[in-house]
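These are my notebook entries on one protein chain. I record what I looked up, entry by entry.

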Amino acid sequence: MSKKIKNIRIVRENRFRTPTPLEHAVGIWVDRVGRGTERVSAPDKRRLLGQYGLVRIIEGTGTLFVDDSKEIPIQTGDVMCLFPDLPVFYTPSRDNWTTEWVVWNCGENTADFVDCLPASRINPVLKGAGADVGRSIARLRDIMSKENRTGALRRASLLLDMLAKLAEVEPRGACDKGGRDDIDKTVDFINRFFGQPLPVETLASRAGMSPGAFRQAFKQQTGRTPKKHISAIRLARAKEMLENGLSIKETAIVCGYSDVFHFMHAFKANTGMTAREFAVDSGLNSSA
């Protein structure tokens, strides 16, 4: 099946609900909720949703096809996480299945809410989350027709409450050996490429986790957030370079700082002395 999936066309969905001014101001809004029964079907297209979505399997088993080749088995109680930029195809494995779903969208400033989900584009299935999602969808269904201010605020509140509950689902790999290996490999990657841009989203993707789950697992294992760990590694390397005679500008560039002033500010905040003072002091000590 995976070889066939590569050749399936990607179709962008263009059905979007226009948010009310209040929903737009809040920054997150429900596009639609629904429930249905679907029969087994041959893949004829991969859908690019353009929004976020959760699909709960009420009854049945099936397969989720992600990207060009990955196949993930799913069963009753599982929840599939759909991302705006991830083309997917999913189908029951036999006869039919019953699902329900919620689709939502958000502004740029609130997109980070989705990072709390312990799922990622690599592993977009949540186990043991079906009950919470089902209750939230039922409550949202009751108020979807209410287009007044109260309805808009209640939908946003229910959606955020659902995301908060899902954030409590134990992330893949946070405690198991596979997860520890993923974090160890990430730490090694940071140590080797500390001078390159290292956004959390990229590191999380390498570890097969959502950014939120990755931050939690990383801090649990290392005692520091990814951002603080990267900063500590860069500053440690910077000290070594300054001790070996590299200029402040060269050190800043090699250690991945966007500009010298940013580097000097971070260095003083970490060491209590300026980079120039450290370099001069290191030179005096080495000649003494």
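Before the first entry I note a term: helices are DSSP runs of H or I with at least four residues, numbered from the N terminus. I also note that the model is predicted.

**Entry 1: helix α7 and its end**

I looked up Gly-223, which comes just after α7 and takes a positive phi of about 85°. I then turned to α7 itself, which covers residues 211-222 and has 12 residues. From its first C-alpha to its last, α7 reaches 16 Å, close to the 16 Å expected at 1.5 Å a residue. Which residues of α7 are buried? I found Pro-211, Gly-212, Ala-213, Phe-214, Ala-217 and Phe-218.

**Entry 2: α6 against α7**

I noted that a packed pair of helices is described by the angle between the two axes and the distance between them. For α6 (residues 200-207) and α7, the axes cross at roughly 80° and come within 9 Å. Angles of 65 to 115 degrees count as roughly perpendicular, so α6 is roughly perpendicular to α7. On the α6 side I listed Val-200, Glu-201, Leu-203, Ala-204 and Ala-207, and these meet Pro-211, Phe-214 and Arg-215 in α7. By class, I recorded 6 nonpolar residues, no polar ones and 2 charged ones in this contact.

**Entry 3: α8 against α10**

I next examined α8 (residues 226-243) and α10 (residues 260-271), whose axes are 11 Å apart and which pack at an angle of about 100°. These two helices are therefore roughly perpendicular to each other. In α8, the residues in contact are Leu-235, Ala-238, Lys-239 and Leu-242. Their partners in α10 are Phe-263, Ala-266, Phe-267, Asn-270 and Thr-271. The contact of α8 with α10 has 6 nonpolar, 2 polar and 1 charged residues.

**Entry 4: α3 against α4**

How do the axes of α3 (residues 130-143) and α4 (residues 149-167) cross? I read an angle of roughly 175°, with the axes coming within 10 Å. Angles over 145 degrees count as roughly antiparallel, and α3 and α4 are therefore roughly antiparallel to each other. Asp-132, Val-133, Ser-136, Arg-139, Leu-140 and Ile-143 represent α3 in the contact. From α4 I listed Gly-151, Arg-154, Arg-155, Leu-158, Met-162, Lys-165 and Leu-166. This contact divides into 6 nonpolar, 2 polar and 5 charged residues.

**Entry 5: two single residues**

I located Gly-50 in the loop between β3 (46-48) and β4 (52-59). Is Gly-50 buried or partly exposed? Its relative accessible area is 31%, so Gly-50 is partly exposed. Leaving aside residues up to four places away in sequence, Gly-50 touches Phe-16, Pro-84 and Asn-105. I also checked Gly-50 against Trp-104: they are 54 residues apart in sequence and 9.8 Å apart in space, C-alpha to C-alpha.

Ile-72 lies in strand β6 (residues 70-74). Ile-72 counts as buried because its relative accessibility is 11%, and the cut-off for buried is under 20%. Between Ile-72 and Tyr-90 there are 9.3 Å, C-alpha to C-alpha, and the two are 18 residues apart in sequence.

**Entry 6: the chain as a whole**

I counted 11 helices and 10 strands in the protein chain. Of its 288 residues, 44% count as buried. Among contacts with a separation of 6 or more, 73% join residues 24 or more positions apart. The accessible surface comes to about 15,400 Å², and 50% of it belongs to carbon and sulfur atoms.

Key. Residues numbered from 1 in each chain as written. Predicted model: local features only at pLDDT ≥ 70, side-chain atom pairs only at ≥ 80, totals over all residues. Heavy atoms only, no water. Buried < 20%, exposed > 50% of the residue type's maximum accessible area, 1.4 Å probe, protein only. Contact = heavy atoms within 4.5 Å. Areas by Shrake-Rupley, 256 points an atom, 1.4 Å probe, with all protein chains shown as cover. Axes fitted to C-alpha atoms, helices over the stretch in contact; angles between N-to-C directions. Parallel < 35°, antiparallel > 145°, perpendicular 65-115°, else oblique. Nonpolar A, V, L, I, M, F, W, Y, C, P; charged D, E, K, R; others polar. Expected span 1.5 Å × (residues − 1).
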